[in-house]
Amino acid sequence: MAELVAPKSRVLDVGCGDGALLRLLAEERSVDGRGIELSQQGVNDCVAKGLSVIQGDADADLVDYPDDAFDYVILSQTLQATRQPRVVLEHMLRIGRRAIVSVPNFGHWRIRAQVAFGGRMPVTESLAHSWYDTPNIHFCTIADFVALARDVGATIDKSVALDLAGHPLHRMFSPWAWNLLGDQAIFLLHRKR
Amino acid sequence: MGDLGALLNGAATQSVSPDSLTLRLSSNSPLRMDSGAALAPLTVAYQTYGALNAAKSNALLVCHALTGDQHVANPHPVTGRPGWWETMVGPGKPFDTNRFFIICSNVLGGCMGSTGPASLNPETGEPYGLDFPIVTIADMVRAQALLIDHLGIDTLLCVAGGSMGGMQVLQWAATYPDRVFAALPIATAARHSSQNIAFHEVGRQAIMADPDWRHGRYLVEGTRPGKGLGVARMAAHITYLSESALHRKFGRNLQDRAARTFSFDADFQVESYLRHQGAIFVERFDPNSYLYMTRAMDYFDLAADYGGSLAGAFKGSRTRFCVVSFTSDWLFPTSDSRATVRALNAGGASVSFVEIETDRGHDAFLLDVPELIDTTKGFIDAAARARGVD
């Protein structure tokens with residue numbers, strides 16, 4: 001994900017956790033980074049590292065930022081946990097010249113198999129919660145995200161699907177195969193102005 | 001007038017001859033105030049802790065709250081109690097006196113040595129009383145800036161404060177963006193709310209209703225309007241706590257008695273506590289000063305000075321901000337801090353924001369709250385690193 005960010009750019013990391021990515025970007029790419037994080041502990045950790053992070057969440061706080069405030073807005077493995085994924089994505093594309101989004105793929109064959117043959121809601125290493133206590137309320141597949149991007153008028157500049165081991169799937173695979181074999185996918189997108 | 005000293009309580013004595021360092025500016029250079037008044041002579045009473053480095057890059061300015069003063073980390077000269085922010089200021093603490101030079105001045109209009117309504121009016125030779133011009137937060141900051149000039153400091157590493165102190169922090173960052181490297185406004189707002197103005201008005205009316213207030217001329221007439229000020233303090237003190245903290249501390253417990261007395265004695269512990277808070281406050285604070293301090297907060301509306309846009313106050317600011325609020329603070333609720341954060345974001349500023357979970361209400365900023373101390377330490381240390389201060 002860090003490799004998608006150009007050096008010396010302005011970055012907003014939504015759901016930045018303890019600030020590991022922001023710190024990496026600052027140290028290796030001289031990025032001017034900001035973060036939003038829900039947990040007080042996460043914010044404290046970030047502030048103690050000298051990062052500029054506000055306590056908040058994607059649903060409530062993106063609306064406050066002006067247009068084109070950042071070169072990149074990053075949302076990692078969080079879109080499925082937002083109340084309004086479409087609105088969140090639209091705000092990201094508004095306040096950032098580019099958005100970087102990673103999503104867990106609900107279309108992976110193991111998940112399909114658990115639903116189809118087990119008849120139960122899937123629980124995997126990457127989606128480890130039971131249905132009743134999961135923060136992930138808006139699951140999507142890789143194909144669903146591509147459709148959402150199209151619906152909000154975004155252009156996908158780059159995309160990569162990662163297998164269970166975190167290795168990129170070969171570009172020659174068809175989208176159908178990505179949707180079946182990808183554990184997660186990362187997208188770099190922008191909206192035409 | 002000759003017997004004035006005998007009539008003064010601790011605060012009034014401090015306002016004439018403070019146990020503090022003082023900057024005294026002569027009549028040649030009056031302070032231009034928002035009200036249009038020109039104030040001279042001017043005294044700024046202040047305390048410092050730690051040592052200023054050769055580059056003068058390690059100075060932190062602490063701004064005190066409504067009833068605070070410059071005695072941040074030393075015993076109070078009137079009450080003998082520890083400094084009001086000793087949790088925060090000292091060796092190894094977030095405002096580390098081994099590394100930083102910490103300054104705190106009594107605000108303009110205060111009663112601990114800086115010029116205020118208990119100071120002598122050069123035109124009459126008597127205490128100003130209500131002839132003292134109305135003070136604003138911006139006026140306080142102007143007076144502080146004169147002190148910082150006097151100390152030869154160009155840019156402050158950090159300006160920090162809670163409540164009214166936080167208002168001064170925001171005003172500093174707006175008025176002197178290039179002189180504030182980092183800003184730490186805690187439990188504060190960029191404008192005083194209607195509800196808070198209402199509470200302040202109750203306090204002022206309590207003071208003015210005291211027959212000993214004498215239209216503010218009590219120092220000249222030899223009376224002490226302690227009742228009114230005490231009531232003002234009691235009412236205000238409730239707003240500094242939270243319902244759950246009051247309940248946790250006092251419940252409906254009775255004070256030194258087994259049963260109700262069927263009288264208006266302070267049967268309940270909470271009554272006794274409030275009366276005590278009122279009584280000790282009166283010993284150290286000047287009633288007229290209380291009127292001026294509350295007015296300064298009421299008048300504070302930073303956006304109004306920037307065409308109604310708070311973002312405009314911080315546009316292009318290179319100051320690093322860390323905004324802190326407390327979940328149980330109903331005087332300066334988190335929504336006030338969020339409004340500031342929104343404006344800072346809209347202005348493109350570098351901002352951190354932490355809402356700290358506590359039931360201790362507005363007063364949490366003065367108390368030993370570990371998350372506040374950790375956040376502050378992290379923020380100050382990071383600012384020091386960024387500025388190359390060891």
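This is a predicted model: local features need pLDDT of at least 70, side-chain atom pairs count only at pLDDT 80 or more; totals for chains, interfaces and linings use all residues.
Residues are numbered from 1 along each chain as its sequence is written, and chains are lettered from A and ligands numbered from 1 in the order in which they are written.

**View 1. Chain A as a whole, with seven helices and seven strands.** Helices (H or I, at least four residues) and strands (E, at least two) are DSSP runs, numbered from the N terminus. Starting at the N terminus of chain A, the order of elements is β-α-β-α-β-α-β-α-β-α-α-β-α-β. The radius of gyration of chain A is 17 Å, close to the 16 Å of the globule rule for 193 residues, so chain A is as compact as a globular protein of that length; this radius is taken over C-alpha atoms, and the rule is 2.2 Å times the number of residues to the power 0.38. Along the principal axes, the C-alpha atoms of chain A fill a box of roughly 50 × 35 × 30 Å. Of the 193 residues in chain A, 41% are buried, where buried requires 20 or more other C-beta atoms within 10 Å of the residue's own, exposed 12 or fewer, and partly exposed a count in between, with C-beta atoms placed from the backbone.

**View 2. Chain B as a whole, with 13 helices and 12 strands.** The radius of gyration of chain B is 21 Å, which agrees with the value near 21 Å for a compact globule of 390 residues. The C-alpha trace of chain B spans about 60 × 50 × 40 Å along its principal axes, and 52% of its 390 residues are buried. Among the contacts in chain B with a separation of 6 or more, 72% are between residues 24 or more positions apart, a contact being two residues whose C-beta atoms, placed from the backbone, lie within 7 Å.

**View 3. The interface, where 15 residues of chain A are in contact with 23 residues of chain B.** On the side of chain A that touches chain B, the elements that give two or more residues are α2 (40-48) and β3 (52-55) of chain A. The most comes from α2(A), with five residues. By class, this side of chain A has eight nonpolar, five polar and two charged residues; Ala, Val, Leu, Ile, Met, Phe, Trp, Tyr, Cys and Pro count as nonpolar, Asp, Glu, Lys and Arg as charged, and the others, Gly among them, as polar.

**View 4. The packing of helix α5 (residues 194-209) against helix α10 (residues 287-299), both of chain B.** The two helices pack at an angle of about 160 degrees with their axes 10 Å apart, the axes being lines fitted to C-alpha atoms, for helices over the stretch in contact, and the angles running from 0 to 180 degrees between N-to-C directions. α5(B) and α10(B) are therefore roughly antiparallel to each other; angles under 35 degrees count as roughly parallel, over 145 as roughly antiparallel, 65 to 115 as roughly perpendicular and the rest as oblique. From α5(B) the contact includes Ile197(B), His200(B) and Arg204(B), and from α10(B) it includes Tyr290(B), Leu291(B) and Asp298(B). The residues of this contact divide into six nonpolar, three polar and two charged.

**View 5. The packing of helix α7 (residues 226-240) against helix α9 (residues 269-284), both of chain B.** Here the angle is about 125 degrees and the axes are 8 Å apart, which makes α7(B) oblique to α9(B). Among the residues that meet are Leu229(B), Arg233(B) and Met234(B) in α7(B), and Leu274(B), Gln277(B) and Phe281(B) in α9(B).

**View 6. Backbone details at Pro41(B), Ser163(B) and Ala187(B).** A cis peptide bond, with omega about -10 degrees, joins Ala40(B) and Pro41(B), and Pro41(B) is in the loop between β3 (38-39) and β4 of chain B. Ser163(B), in the loop between β9 (158-162) and α4 (164-175) of chain B, has a positive phi near 60 degrees and is buried, with 27 other C-beta atoms within 10 Å. Ala187(B), in the loop between β10 (182-186) and α5 of chain B, has a positive phi of about 45 degrees although it is not a glycine, and counts as buried with 30 C-beta neighbours inside 10 Å.
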